[in-house]
Amino acid sequence: MGVRKYTKEVIKEGKRVRWPKREAFLAALITTIVICVFCALILSLEDLAAGKVIEALKNVFAGLKA
């Protein structure tokens, strides 16, 4: 399948899609953004905590070497 034919079929298929109303789209978009921000915060906190634990373990094992 050539690029030109593929592009035409994608456009044709896009016209057949039933797109949501603006209100439903905005509600879904806001929900998605809120969930992404929440997950990013949780992952950042977990990364920070893991970094502190690793640093503490490095200090403990460095003290055992000396």
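Accessible areas in these legends come from the Shrake-Rupley method with a 1.4 Å probe, and for residues only the protein chains shown count as cover. This is a predicted model, in which local features need pLDDT of at least 70 and side-chain atom pairs count only at pLDDT 80 or more, while totals for chains, interfaces and linings use all residues. Residues are numbered from 1 along each chain as its sequence is written, and side-chain values use heavy atoms, with hydrogens and water left out.

**Figure 1. Overall form and surface of the protein.** The protein exposes about 6,600 Å², of which carbon and sulfur atoms supply 70%. Its secondary structure comprises two helices and zero strands; helices (H or I, at least four residues) and strands (E, at least two) are DSSP runs, numbered from the N terminus. The radius of gyration is 25 Å, well over the 11 Å that the globule rule gives for 66 residues, so the protein is more spread out than a compact globule. This radius is taken over C-alpha atoms, and the globule rule is 2.2 Å times the number of residues to the power 0.38. The C-alpha trace spans about 70 × 35 × 10 Å along its principal axes. Buried residues make up 0% of the 66 residues, where buried means under 20% relative accessible area, exposed over 50%, and partly exposed in between (1.4 Å probe, protein chains only).

**Figure 2. Nonpolar surface patch including Leu-29.** Phe-25, Leu-26, Leu-29, Ile-30, Ile-33, Val-34, Val-37 and Leu-41 make a nonpolar surface patch of about 730 Å². Patches consist of residues with over 30% relative accessible area and no salt bridge; like charges are joined within 9 Å, and nonpolar side chains (Val, Leu, Ile, Met, Phe, Trp, Tyr) within 5 Å. Leu-29 lies in helix α2 (residues 22–65) and counts as partly exposed, at 36% relative accessibility.

**Figure 3. Salt bridge between Arg-16 and Glu-13.** The side chains of Arg-16 and Glu-13 form a salt bridge (3.1 Å, N to O), defined as a side-chain nitrogen of Lys or Arg within 4 Å of a carboxyl oxygen of Asp or Glu. A search of the whole structure finds one salt bridge. Arg-16 and Glu-13 are three residues apart in helix α1 (residues 3–16), and therefore separated by about one helical turn. Arg-16 counts as exposed at 55% relative accessibility, whereas Glu-13, at 42%, counts as partly exposed.
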